[in-house]
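My notes follow in the order in which I checked things.

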Amino acid sequence: MRLGVLTGGGDCPGLNAVIRSIVRKAETQFGAEIIGFFDAWDGVMEQRYSLLKTNDVRGIAPKGGTILGTRRGGPFDSNHGVANVQQAFRDLGLDSLVVIGGNGSLTVASRLHEEFGLPTIGVPKTIDNDVVGTDATFGFQTAVQIATDAIDRLHTTAESHDRIMVVEVMGRDAGWIALHAGIAGGATAIVVPEAPFDIIELTEIVKRRHVNGRYASIVVVAEGAKPKPGTLEIPPPVIDKNGHAYNGDVSRVIASELETRTGYESRLVQLGHVQRGGTPTSYDRVLATRFGLAAVDACVNREFGQMVVLRSGEIERESMKVTSGKTRTINLDLYNDVVASFIG
Ligand code: F6P
């Protein structure tokens, strides 16, 4: 058996733990050869890879990033991309390809299977936790921990100066990191893409807290937060070459509006890629390892077009088709409950 593996899209903590478990299990239990493609789909299309053995993956579980490198974009973005992928499967005699990726990479893997019959298996990853079909993706818990640690630190400096700290976390389409880090860090307000905000309401929440004798406020804002239509002018997002929108200005506008409207000094902290870097938590290493082990079984059992997922604590399978063009958003009941009762 010849099994390929790639990591695609934005990196996240835990990718190396998946690679490690795939290589160890595929080699020791099935005597498979594992081809690790460099730089996501680029490595497949250009046939840049390395044969991975157990010795190559020793000690990598605690390491952030990915030993294979990653890129955004894929074979559907260029004229001969799919043909080059098909050629690579033939030239290298691949029996299966494990694609460790988020919504974008899993959609590509799904299309390659559905439209071209290629034997792909998916492993969902992303700090955003927004892949449909799984209860969780690895990388998320680490990102939440990093954001929570940052919020904990910001409390003391915010209190010393009686300031408002606006903390921007990642999450273009879903507010998972904002919600979880906001709850854990005891934020005054949490702003998520799923619930458009009203700057007047936000101002009232912050003012009320200060009037009630508390010092300082922490406002956690997901990067994809949106104002209610017609309530606030935000500069349009910057669109990168992969069509992704970068909305960094919404948190900047919130910080400056809160300062003007409340009279309290405010500071903006954009956590950015710090949330994606460094060592994964033990939870993420374990989930990543379980996904990797299950992905090898899925290859052996020829469950192509499927991805491994977490459901009620068990590792199951789900068609990668469910991810196409969809985003798993937060549970608004929990959000509303938290906003109504904990925050302030
Ligand atoms: O998809 C993961 C993610 O970290 C998003 O939360 C964020 O918006 C985006 O990637 C940043 O992408 P890049 O690394 O390309 O700047």
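I began with handedness, and the crossing of helix 5 and helix 6 is right-handed (a crossing is right-handed if the near helix is turned clockwise from the far one by less than a right angle, and left-handed if anticlockwise). Before going further I noted that this is a predicted model, in which local features need pLDDT of at least 70 and side-chain atom pairs count only at pLDDT 80 or more, while totals for chains, interfaces and linings use all residues. Residues are numbered from 1 along each chain as its sequence is written, and side-chain values use heavy atoms, with hydrogens and water left out.

**Helix 5 and helix 6**

Helices here are DSSP runs (H or I, at least four residues), numbered from the N terminus. I found helix 5 (residues 140-161) packed with helix 6 (residues 176-184) at about 45°, their axes being 9 Å apart; the axes are lines fitted to C-alpha atoms over the stretch in contact, and angles run from 0 to 180 degrees between N-to-C directions. That angle makes helix 5 oblique to helix 6, where oblique is what remains after under 35 degrees (roughly parallel), over 145 (roughly antiparallel) and 65 to 115 (roughly perpendicular).

For the contact (heavy atoms within 4.5 Å), I listed F140, A143, V144, A147, T148 and I151 from helix 5 against W176, I177, H180, A181, G182 and A184 from helix 6. By class this contact has 9 nonpolar, 3 polar and no charged residues, with Ala, Val, Leu, Ile, Met, Phe, Trp, Tyr, Cys and Pro counted as nonpolar, Asp, Glu, Lys and Arg as charged, and the others, Gly among them, as polar.

**Helix 7 and helix 8**

The axes of helix 7 (residues 199-211) and helix 8 (residues 249-262) come within 10 Å and cross at roughly 60°, and the two are therefore oblique to each other. I read this crossing as right-handed. Helix 7 contributes I199, I200, L202, T203, V206 and K207, which meet I254, E257, L258, R261 and T262 of helix 8; these divide into 6 nonpolar, 2 polar and 3 charged residues.

**Ligand surroundings**

Which residues are around the ligand? Taking a heavy atom within 4 Å as the criterion, I recorded R72, I127, D128, M170, G171, R172, E223, Y246, H273 and R276.

I then looked up polar contacts, meaning pairs of N or O atoms within 3.5 Å. An oxygen atom of the ligand is 2.8 Å from a side-chain N or O atom of R276, for H273 the corresponding distance is 2.9 Å, and for R172 it is 3.4 Å.

Conventions. Polar contact = N/O pair within 3.5 Å; in protein donor to acceptor, adjacent residues only side chain to side chain.
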